[in-house]
Amino acid sequence: MMPSARPLQTHIPEHDRAPGLWSSRNLLPVRRRQTGADGTRKLLLELVDGQSVETVIMTMPRSHTLCLSSQVGCPVGCTFCRTGGSGFVRNLTADELLAQIVTAGEELRAATGRWPERAVFMGMGEPLLNFAALRGCLETLTLASGPHLSWRKILVSTVGIPDRLDELGRLRLALPAVSLHASTQDLRDRLMPGARAWPLRELIPALLRYPLPGRERMTVEYILIRDANDTDLHARRLHELLGDMRAKINLIPCNPVPGGPHRAPDRERTEGFATALKALGRTAFVRRSHGPDIMAACGQLRARHLADGTGTDSSQETSP
Ligand code: SF4
């Protein structure tokens, strides 16, 4: 008797997809490569003009996420960020953004046999200041014939540029995450001097009118800095600033920049801040830092590379 035919597989699992785009682009040379104790991988990728950007591959229990850079350097100049301290060099092109994704995707595939399921633009640069290239990249990234990442699994982290947020909302190619970090204009101006052009009085209404799908909440990022923005009073001001916004607040203990002025609060104060927000009815999480042993905060690997002055090694495995 003939064995019965196996049913046709009509659903291709996420991890079995090998979409054309992943292998159709030129890979970027890897200048440096680090792997942390928690499995986080950090790459320093070389661009055609010799500049470099960082890309992080984060491994979580149920998915793999690429953390991507949108610019070489950054013009916003946040005082808690190594990239901000190194100035702005240039935007990445849409092709470079895609090549970055493909290179990191291939790296992940080689190590784990999986393709990434999520992408976040949270690395070097302010993505909404490189909007045309970002849009081109997102259009390809979400194509059914390409990597086909769901637009709801792509997060664009921004300091908040109201008219670009409006456009992102119309395009539905990604979801936003806003980097707030302060609840008053004065403090925000000091922590994020380059964001002065988009004051809170314009940013908050833009976030309130953002067309989030379904039950989705606005992601609000808040870096906790000891003695700067970490008291219960700051938590109350943050709550009042957000008003009616449906938001989930990610609290990120500051990852100190070597030689920089800022430190993270201790664990007790960090939890206290989260508790104060929850008591006010807010949804708040303390975000685990990925790869602290390999300096996963953006800009630190590139800064170390520039300081070393080693521009020729294309595959160096560096120790933490
Ligand atoms: S935190 Fe983001 S926006 Fe601020 S300087 Fe760094 S890369 Fe730019």
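1. By class, the shell around the ligand is made of seven nonpolar, four polar and one charged residues, where Ala, Val, Leu, Ile, Met, Phe, Trp, Tyr, Cys and Pro count as nonpolar, Asp, Glu, Lys and Arg as charged, and the others, Gly among them, as polar. Twelve residues surround the ligand, and Cys74, Val76, Cys78, Cys81 and Gly84 are the closest; a residue is taken as near when its C-beta atom, placed from the backbone, lies within 6 Å of the molecule.

2. This is a predicted model, in which local features need pLDDT of at least 70 and side-chain atom pairs count only at pLDDT 80 or more, whereas totals for chains, interfaces and linings use all residues. Residues are numbered from 1 along each chain as its sequence is written.

3. Helices (H or I, at least four residues) and strands (E, at least two) are DSSP runs, numbered from the N terminus. Strand β4 (residues 64-67) pairs in the parallel sense with strand β7 (residues 118-121) over three bridges, with Thr65 opposite Arg118 in β7. Strand β7 is also joined to β8 by three bridges, again running parallel, and there Val120 stands opposite Leu155; pairing requires that DSSP find at least two bridges between the strands.

4. In helix α5 (residues 162-171) the buried residues are Arg164, Leu165 and Leu168, buried meaning 20 or more other C-beta atoms within 10 Å of the residue's own, exposed 12 or fewer, and partly exposed in between, with C-beta atoms placed from the backbone. Seen down the axis of α5, these buried residues fall within an arc of 105°, so they line one face of the helix; the arc is that of the directions from the helix axis to the C-beta atoms. The face turned away from that buried side carries the exposed residues Asp163 and Arg170. Cover for the buried residues of α5 includes α4 (131-141), β8 (154-158), β9 (175-179) and α7 (200-208). Following α5 is Arg172, with a positive phi near 55°.

5. Leaving aside neighbours within four places in sequence, Ile101 is in contact (C-beta atoms, placed from the backbone, within 7 Å) with Leu66, Leu68, Ala119 and Leu141.

6. Thr93 lies in the loop between β6 (88-91) and α3 (94-112), and counts as partly exposed because it has 16 C-beta neighbours inside 10 Å. Thr93 and Asn130, 37 residues apart in sequence, are 8.5 Å apart in space, C-alpha to C-alpha.

Technical notes:
Contact = placed C-beta atoms within 7 Å.
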